[in-house]
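Student: I would like to learn how to read side-chain pairs and strand pairing in a model. Can we go through one together?

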Amino acid sequence: MPQGRSARARQEASREVGRDGGDRRHCAATPTDVVGEARRAWEAEWEWRGTAADPENLSGGKPGLQANIFKMTTPNKTPPGADPKQLERTGTVREIGSQAVWSLSSCKPGFGVDQLRDDNLETYWQSDGSQPHLVNIQFRRKTTVKTLCIYADYKSDESYTPSKISVRVGNNFHNLQEIRQLELVEPSGWIHVPLTDNHKKPTRTFMIQIAVLANHQNGRDTHMRQIKIYTPVEESSIGKFPRCTTIDFMMYRSIR
């Protein structure tokens, strides 16, 4: 019987030694190493980060045609975002939904725009028509928008919960362009959608359209519980007030 290593031992060794002779057990996985379930999870992770899920794009290859559309997906349940009121408390953004004219593609009586904007997570908009279901938000002048926040609750709404949403911006209905596409998995909480470009610069637009393209369990109509839109606050308007000295105060009193 040959004195060399068994076939099984040689096979185990080949798994540990790469083509360059180095030990691969502690190396980070590359796109070519990722297969099966691990590859799908890897692709989903990069989609969530706003990168087209194509290993060729990450290795210097030619970007795909859809690379400019940011797809937000997760392999498991969509994690909830922070309460938008926390954003407001920072003083860096403010909510401007009240400055826009809102319209819907359809709604069940008593479940319309008022319910989308009443700051009550127990109420909701319910569509009453064919897909896609649309929320149209139109500003009277070109407006800078930074973040869109949507509240969805799969635990309460089940098949009415959106699973695929498209966010579009433009001057009017005729030139809308998609800037975000979200694929949601049983979301329960706030969903934060950045309305920024590749350089994190906020978008300036007359109109935002939110299109529900599909629901969970192939549901027909949809529920959305709240929508908020945020614009950045200019640094000059949130800067510190100059300190008032005792002399300043005495001069103010004397002038009065």
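This is a predicted model: local features need pLDDT of at least 70, side-chain atom pairs count only at pLDDT 80 or more; totals for chains, interfaces and linings use all residues.

Student: How many salt bridges does a search of the whole structure find?

Tutor: Side chains of opposite charge can pair when their charged atoms come close. Here the search of the whole structure gives five salt bridges. One of them joins Arg117 to Glu95, with 2.9 Å between the closest N and O atoms. This pair links distant parts of the chain, 22 residues apart: Arg117 is in the loop between α5 (113-116) and β4 (125-126), and Glu95 is in strand β2 (residues 93-95).

Student: Is Arg117 buried, exposed or partly exposed?

Tutor: Arg117 has a relative accessible area of 24%, so it counts as partly exposed.

Student: Which residue does Asp157 meet in a salt bridge?

Tutor: The partner of Asp157 is Arg225, at 2.7 Å from N to O.

Student: What is the distance between the closest N and O atoms of Arg220 and Asp221?

Tutor: Arg220 and Asp221 form a salt bridge in which those atoms are 2.9 Å apart. Arg220 is exposed, with a relative accessible area of 52%, whereas Asp221 is buried at 10%.

Student: How many disulfides does the count come to?

Tutor: A disulfide is a covalent bond between the sulfur atoms of two cysteines. The count for this structure is zero disulfides. As for individual cysteines, Cys107 has 35% relative accessibility and therefore counts as partly exposed. Cys149, with a relative accessible area of 0%, is buried.

Student: How many aromatic pairs does the structure hold?

Tutor: A pair of aromatic rings is described by the distance of the centres and the angle of the planes. The structure has two aromatic pairs. One of them, Tyr151 with Trp190, is edge-to-face, with the centres 5.2 Å apart and 75° between the planes. Tyr151 is in strand β6 (residues 147-153) and Trp190 in strand β9 (residues 188-194), so this pair ties together parts that are 39 residues apart in sequence. Tyr151 is buried, with a relative accessible area of 14%, and Trp190 is buried with 8%.

Student: Which way do β6 and β12 run, parallel or antiparallel?

Tutor: They run antiparallel, joined by five bridges. Tyr151, already seen in the aromatic pair, stands opposite Gln226 in β12. Strand β12 also pairs with β2, again antiparallel, through three bridges. There, Glu95 has Tyr230 of β12 as its bridge partner. Strand β12 is mostly covered, with six of its seven residues buried.

Student: Where does Phe139 lie?

Tutor: Phe139 lies in strand β5 (residues 133-145). With a relative accessible area of 7%, Phe139 is buried.

Student: Which residues is Phe139 in contact with, leaving aside its neighbours within four places in sequence?

Tutor: The contacts of Phe139 are Ile96, Gln99, Ala100, Val145, Thr205, Phe206, Ile208 and Ile229. Take Thr205: Phe139 and Thr205 are 66 residues apart in sequence, and 8.1 Å separates them in space, C-alpha to C-alpha.

Note on methods
Residues are numbered from 1 along each chain as its sequence is written. Side-chain values use heavy atoms; hydrogens and water are left out. A salt bridge is a side-chain nitrogen of Lys or Arg within 4 Å of a carboxyl oxygen of Asp or Glu. Helices (H or I, at least four residues) and strands (E, at least two) are DSSP runs, numbered from the N terminus. Buried means under 20% relative accessible area, exposed over 50%, partly exposed in between (1.4 Å probe, protein chains only). A disulfide is a pair of cysteine sulfur atoms within 2.5 Å. Rings of Phe, Tyr and Trp (its six-membered ring) pair if their centres lie within 6.5 Å; planes under 30 degrees apart count as stacked, over 60 as edge-to-face and the rest as tilted. Two strands pair if DSSP finds at least two bridges between them. Contact means heavy atoms within 4.5 Å.
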